[in-house]
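I opened this entry to keep track of what I looked up. The notes follow the order in which I went through the model.

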Amino acid sequence: MDKRKLRTVILVIFTILIFSLSCYICVTGFQNANMKKELLQVKEKNKETVKTNSSVATTVSEKAKIIFKIKYNKSGEYKIEREESAGELSGKNKDEVQNTYKNAGYKIEKFDVQQVILVKEMDKYAPDKYVLGIKNGFIAIYKTDKEGNMFIENENTDITDIKTKKLKEEDIKLLTKGDKYFQCNTREEAQSRLEDYE
């Protein structure tokens, strides 16, 4: 076969391949563009449905549960204080519920037709725990009462001889502000935490 004929055959094959490839790219590009448009239309319809459903579901149902929680900020723990049925809150919206309990110190954590969770934050540790803190420049083991108030059970044994002057500034801040690490279930656990500072 002649070189000229061979070049012509290769050129024709290349031209057909390039034409086919460009047609394929154009067709798939148009298909992707149409799919994107359809997806956007579906998303818009879903948004409208959610808006109409949320406007219906903006009040408390008669069968809803109202849950009152306390958050102890020093340890980050939550405790359920009580649960009630909707009662007088039935038919009220989020703002009305918030205004009802604002003076008592509660904020809405969750609000829907079936359940309303109200949280009151307290700058304390959880109740009935042993915690490390500072007393007169020394690290001490405190006990918390049923409300989370800290007290020292025995000043002779619970105030250590570990001076806060020897501690890092970060540790002093944590002991003063409070941290979950310093909250313990037993006295023995609190004493073992003291080993970090001896």
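**Entry 1**

I started with Asp158, which counts as buried at 2% relative accessibility. Buried means under 20% relative accessible area, exposed means over 50%, and partly exposed is in between, with a 1.4 Å probe and protein chains only. I note that this is a predicted model, where local features need pLDDT of at least 70, side-chain atom pairs count only at pLDDT 80 or more, and totals for chains, interfaces and linings use all residues. Residues are numbered from 1 along each chain as its sequence is written, and side-chain values use heavy atoms, with hydrogens and water left out.

Which residue forms a salt bridge with Asp158? I found Arg187, with the closest N and O atoms 2.4 Å apart. Asp158 lies in helix H3 (residues 155–158) and Arg187 in helix H5 (residues 187–194), so the pair ties together parts that are 29 residues apart in sequence. A salt bridge here is a side-chain nitrogen of Lys or Arg within 4 Å of a carboxyl oxygen of Asp or Glu. Helices (H or I, at least four residues) and strands (E, at least two) are DSSP runs, numbered from the N terminus.

**Entry 2: the other salt bridges**

I searched the whole structure and got 7 salt bridges. In helix H5, Arg193 and Glu189 are 4 residues apart, about one turn of the helix. Their side chains meet in a salt bridge at 3.4 Å, N to O. Arg193 is buried, with a relative accessible area of 18%, whereas Glu189 counts as partly exposed at 27%.

I then looked up Glu84 and Arg82, whose side chains meet at 2.9 Å, N to O. Glu84 is partly exposed at 33% relative accessibility, and Arg82 is partly exposed at 34%. A network of salt bridges links Glu81, Arg82 and Glu84.

**Entry 3: strand E6 and its neighbours**

How many of the 7 residues of strand E6 are buried? I counted 6 in this strand, which spans residues 138–144. Strand E5 (residues 130–135) pairs with E6 in the antiparallel sense over 6 bridges; two strands pair if DSSP finds at least two bridges between them. Tyr142 in E6 stands opposite Val131. The hairpin of E5 and E6 has 2 residues between the strands, and Asn136 takes a positive phi near 50° there.

E6 also runs antiparallel to strand E8 (residues 159–163), joined by 2 bridges. Lys163 in E8 is the bridge partner of Phe138. Strand E7 (residues 150–151) is antiparallel to E6 as well, again with 2 bridges, and Phe151 in E7 is the bridge partner of Lys143. The hairpin of E6 and E7 has 5 residues between the strands, and Gly148 takes a positive phi near 95° in it.

**Entry 4: the nonpolar cores**

I looked for nonpolar cores, meaning sets of buried Ala, Val, Leu, Ile, Met, Phe, Trp, Tyr and Cys residues joined through side-chain atoms within 4.5 Å. The largest has 17 residues, and Leu132 and Ile139 touch the most other members. E5, E6 and H5 each supply at least two residues of this core. E6 gives the most, with 4 residues.

What does Leu132 touch, not counting residues up to four places away in sequence? I listed its contacts (heavy atoms within 4.5 Å), and they include Tyr125, Ala140, Phe182, Ala190 and Arg193. Apart from this core lies another, of 13 residues, among them Ala64, Leu89, Tyr101 and Val116.
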